[in-house]
Amino acid sequence: MSQIPEKCLWQITTSKTEHYPKLDREVRVDVCVIGGGFTGLSAALHLAEYGKSVCVLECQEIGSGGSGRNVGFVNAGTWAPPDDLNMYLGEKVGEKLTYALGLAPKLVFDLIDKHQINAGDTRTGNLHMAHNAAAEADIDSRYSQLTRRGANVEIITGSKCHEYTGTTRINKALLDKRAGTINPFAYVIGLSRAAAQLGVKIFENTKVNELIKDGDKWCVKSENGQVLANKVIITTNAYTEGEWTDIQKSFYPVYYYQIASKPLENEIANRILPYKNGSWDTRMALSSIRRDNEGRILFGTVGGREFKPANFYLSWAKHVQEHYFPDLNKLDWQCQWFGKFGFTPDHIMRVFTPQDGIIAATAYNGRGITTGTMMGKAFADFLVRDNPDVLPLPFVNYAKNKLSLRTLRTVGTEIGLTLYHAGQCLKIIS
């Protein structure tokens, strides 16, 4: 990588004042949550509101994984459009999931308001930008599907589209007015603070080594302590480590890169996403573009470090800037960073109950903020009510949802993304 610091912007600009101890004793609770990200903390927070005793075990520190390294888009729905969900899941389950995810942005914003989380949030909607004629047809199809279901979305074209995006390269976009942006690190540490205030015991730097049945309880063991709980929620997703669970075999990891400029304040820069919408284009290897509350511009795309020469992503970022915003002066970059998310071939998450008393969710396919927050609340509702109907989709068979050739899938995806980005930089791909 280049001399640009590899640090996450959100962690640079947001101070984490809460620090939680390492587990060094035996703790007894109703529910043990493994993983301190959006899903785990949402589950813990809502369980505590129900009066349950809860502890959260985080392998590193709150916000160090995917939740703190997120792009920060508060989006509704999945990557797959609603009709595709119905095709994969059946109409009843597909419609139920679409409805639940349509409400998920409001859930995020309501939690921010209720617990006074300073998440730097915007609520002006997000833009799905069509980069060519075929993509415009896809945007039209998504609009039709969403409006049939009552979603607050709008197609913007021509001069209005240019105004919203800040580029004349995009002539049609889908504006989802339910959506918005946040500082994801600020949001996740805000959730931890709210959960702790409700009595949730949070332990950082506590790696789970073993998960075994102990009479009528589950024993979650770490190096220096253990938790005895009636129920266990596994929310580690793409950042699962160790041999204590096989949930990571239900997806394969896909990496995501982001780069952020220093704060910008000039006439040309202010024309880029003036309403602070989050945005992403319809390319095979998408480009995400957003601004933060201090005027920085952030570019992001799928891809990791593998198979890349030094400065590869800087060349890619330069291409994106010149393509979309040719009038903008050369950007002074502040930092760059990588994250990863769980991916499935059908772009649909999975919900498991691997053994009695254990529940888990995986593979949010890049929609972690809303899906994770919603899923955490749903898990809390399920454990309190013991009714699977409160879940947005049913549990699936754990053994039958293990993906084969996971490493090969990740490597193949990475090679394909590398070639695509190289084609962009060489102007082979327009």
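Colleague: Where does Pro274 lie in this predicted model?

Modeller: Pro274 belongs to the loop that links α8 (267–270) to β13 (278–281).

Colleague: What makes Pro274 buried, partly exposed or exposed?

Modeller: The relative accessible area of Pro274 is 31%. Buried requires under 20% and exposed over 50%, so Pro274 is classed as partly exposed.

Colleague: Which residues is Pro274 in contact with, leaving aside its neighbours within four places in sequence?

Modeller: They are Glu163 and Tyr164.

Colleague: Which residues of helix α6 are buried, and why are they said to be on the same side?

Modeller: In α6 (residues 158–165), the buried residues are Cys161, Tyr164 and Thr165. Around the axis they cover an arc of only 85°, and therefore they are on the same side of α6. These buried residues pack against β4 (126–130), β5 (153–157) and β6 (172–176). Gly166 follows α6 and has a positive phi, near 85°.

Colleague: How do you know that the buried residues of α3 line one face of the helix?

Modeller: The buried residues of α3 (residues 82–89) are Pro82, Leu85 and Asn86. Viewed down the axis of α3, they fall within an arc of 100°, so they line one face. Their cover includes α4 (91–114) and α5 (133–148). Just after α3 comes Gly90, with a positive phi of about 95°.

Colleague: Why is His131 called partly exposed?

Modeller: The relative accessibility of His131 is 23%. His131 is located in the loop between β4 and α5.

Colleague: What does His131 touch, not counting residues up to four places away in sequence?

Modeller: His131 touches Ile170, Thr282, Arg283 and Tyr324. As for Ile170, its C-alpha atom is 5.9 Å from that of His131, while the two residues are 39 residues apart in sequence.

Colleague: How many disulfides does a search of the whole structure find?

Modeller: The search finds 0 disulfides.

Colleague: What makes Cys32 and Cys335 buried?

Modeller: The limit for buried is under 20% relative accessible area. Cys32 has 0% relative accessibility and therefore counts as buried. Cys335 has a relative accessible area of 0%, so Cys335 is buried as well.

Colleague: How do helices α2 and α10 pack?

Modeller: Helix α2 (residues 38–49) and helix α10 (residues 368–385) pack at an angle of about 40°, and their axes are 7 Å apart. Their crossing is right-handed. Residues of α2 in the contact include Phe38, His46 and Leu47, and those of α10 include Ile369, Met375 and Lys377. By class, the contact has 8 nonpolar, 7 polar and 1 charged residues.

Definitions and conventions
Residues numbered from 1 in each chain as written. Predicted model: local features only at pLDDT ≥ 70, side-chain atom pairs only at ≥ 80, totals over all residues. Heavy atoms only, no water. Disulfide = S-S within 2.5 Å. Buried < 20%, exposed > 50% of the residue type's maximum accessible area, 1.4 Å probe, protein only. Helix = DSSP H or I, 4+ residues; strand = E, 2+ residues; numbered from the N terminus. Contact = heavy atoms within 4.5 Å. Arc of directions from axis to C-beta. Axes fitted to C-alpha atoms, helices over the stretch in contact; angles between N-to-C directions. Left-handed = near helix turned anticlockwise from the far one by under 90°. Nonpolar A, V, L, I, M, F, W, Y, C, P; charged D, E, K, R; others polar.
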